[in-house]
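Here is a short briefing to read alongside the structure.

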Amino acid sequence: MNFVEELRWRGLLHDMMPGTEEALNKGMCAGYIGFDPTADSLHVGSLLQIMTLMRFQKAGHKPFALVGGATGMVGDPSGKSQERNLLSEDILNHNLKGIQAQLERFLDFDCGANSAEIVNNYDWFKNFTFLDFIRDVGKHITVNYMMAKDSVKKRLESEVGMSFTEFSYQLVQGYDFYYLWKHKNCILQMGGSDQWGNIVTGTEFIRRKDGGQAFALTSPLIKKSDGTKFGKTEGGNVWLDAKKTSPYQFYQFWLNASDDDAANYIKIFTFFTEEEINSLITEHQQAPHLRTLQKALATNLTKLVHGEAALETALKTTDFLFGNGSLDFLKSLDNEGVLQVFEGIAQFTISKNEFEAGYDTLTLLADKTSIFPSKGEAKKMIVGGGVSVNREKVPSPEKVFEVSDLINNKFLVAQKGKKNYFLIIVE
RNA sequence: GGGGGGAUUCCAGAGCGGUCAAAUGGGACGGACUGUAAAUCCGUUACUUCGGUUUCGAAGGUUCGAAUCCUUCUCCCCCCA
């Protein structure tokens with residue numbers, strides 16, 4: 001199955017320029033996807049693009065991952081209703097390093113002709129002067145053409161308007177494509193559907209400047225079945241960086257997908273074949289409570305992103321917190337073991353002296369730890385029956401915890417709602 | 001330049017001198033049900049030492065009492081030129 005067919009059955013093909021499939025079928029091609037340095041880590045949303053590059057490479061083509069050291073300085077207006085704030089260079093560099101390190105995990109950089117490469121567009125923009133740019137690039141694309149783009153049109157019609165900086169963004173990105181086409185023989189740019197306009201500016205620029213031919217291919221925006229944004233939890237974004245989203249939380253994110261979403265995600269976010277997926281879906285439908293799909297997703301992706309060892313820990317933690325793991329299990333572990341089980345879980349430390357003085361639940365949960373932002377909120381939730389400590393519902397806000405309540409003389413396990421666990425360490 | 005309208009608790013949006021910590025809807029969070037799902041139902045949604053305390057764009061003022069009235073300022077929208 002070729003690359004385009006693969007994307008098609010997985011529902012990952014939103015749009016492509018005529019001739020793209022034919023061009024790819026002629027043999028090995030080079031293609032790229034750009035990643036914005038808006039944060040120092042990529043998130044699950046970027047995972048789709050990363051995996052597209054992986055599929056591209058598996059299909060025998062040569063993938064380029066572009067980090068936007070230059071474009072990040074400008075700010076992509078696509079899909080933004082407001083002008084963006086510029087990032088400082090320090091932050092930008094920090095972010096670039098972070099996402100570059102992440103990208104390196106996913107692609108094969110040593111497999112002969114189609115080895116992956118990471119490029120930074122700052123390298124070809126840093127010495128490009130403004131005058132050169134408007135003469136060599138600006139001259140080939142009319143403002144009329146640029147204004148017809150959706151991302152620009154919407155902003156021109158709105159009250160907030162658009163700065164010249166963001167208006168020129170598509171030219172900057174368009175030139176990236178030209179540069180890679182010219183110097184790396186890169187004939188395809190891929191991306192999310194919101195990137196269509198920017199990508200096509202690139203192919204247009206290549207055509208007008210050098211009479212060359214290049215192609216565009218986009219993937220659809222992923223949405224949840226209830227229409228809300230993909231990739232968010234109550235805690236915010238789901239990041240690929242283990243420091244921002246622990247492997248356990250990452251695993252839980254996928255495990256908590258609804259049935260509808262899981263059936264969709266399994267095609268998008270795994271490398272299973274069509275037959276394998278169909279059999280997984282059938283299996284899931286026969287025994288939905290086993291959540292075969294969610295487990296397959298969570299397991300495969302945690303392993304892909306964080307590695308085998310982190311997956312093992314995430315599974316162990318999940319097993320204890322949601323399985324039939326009793327407190328006795330925790331008690332049977334030494335301190336190291338407890339900390340390992342709770343590795344991906346928010347932790348708070350308070351001193352033993354303080355603890356011995358005796359805190360009521362409110363002080364403990366809202367004052368001494370930030371499990372709750374205020375005592376009022378903690379109280380409401382305790383009264384509402386939503387708070388447990390050591391697996392038992394806290395009967396009243398006045399309940400005082402003592403040394404005898406500590407597991408292994410050191411730990412308390414607090415629970416806000418059913419799924420949010422916290423470890424309080426007393427030492 | 002002239003005239004008019006507006007800024008309310010996460011969002012939308014009521015309130016127009018006391019009974020307003022502020023209707024209603026959405027979102028979020030919690031509970032029940034379940035499969036750590038979906039749907040549904042219920043509850044909570046400023047802080048508090050539970051006496052109170054600080055909120056309705058900002059600062060002053062009137063009043064026993066202001067989100068509500070007055071003054072100035074900031075920002076937004078609309079109409080005319």
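How many aromatic pairs does the count come to? In this predicted model, the count comes to 26 aromatic pairs. One of them joins Trp124 and Tyr179, whose rings are stacked.

**The Trp124–Tyr179 pair**
- The ring centres of Trp124 and Tyr179 lie 4.2 Å apart, with 10 degrees between the planes.
- Trp124 belongs to helix H6 (residues 122-125) and Tyr179 to helix H11 (residues 169-184), so their contact ties together parts that are 55 residues apart in sequence.
- Trp124 is buried, at a relative accessible area of 10%, while Tyr179 is partly exposed, at 22%.

**The cluster around it**
- Both residues belong to one aromatic cluster, together with Phe125, Phe128, Phe133, Tyr175, Tyr178, Trp181 and Phe205.

**Lysines over rings**
- Lys244 lies over the face of Trp239, 4.5 Å from the ring centre.
- Lys399 lies over the face of Phe401, at 5.2 Å from the ring centre.

**The cavity**
- Searching the whole structure turns up 1 cavity of 30 Å³ or more, and the volume of the largest cavity is about 50 Å³.
- Its lining is made up of Pro247, Tyr248, Ala310, Thr313, Ala314, Thr317, Glu343 and Gly344.
- Helix H13 (247-255) and helix H17 (308-322) each supply at least two residues of this lining, and H17 gives the largest share, with 4 residues.

How values were computed:
Residues numbered from 1 in each chain as written. Chains lettered and ligands numbered in written order. Predicted model: local features only at pLDDT ≥ 70, side-chain atom pairs only at ≥ 80, totals over all residues. Heavy atoms only, no water. Phe/Tyr/Trp six-rings, centres within 6.5 Å; stacked < 30°, edge-to-face > 60°. Buried < 20%, exposed > 50% of the residue type's maximum accessible area, 1.4 Å probe, protein only. Lys NZ or Arg CZ within 6 Å of the ring centre and 35° of its normal. 1 Å grid on protein atoms, 1.4 Å probe; cavity = no way out; pocket = protein on both sides within 12 Å on 5 of 7 lines; lining within 4 Å. Points joined across faces, edges and corners; volume = space filled by probe spheres on them.
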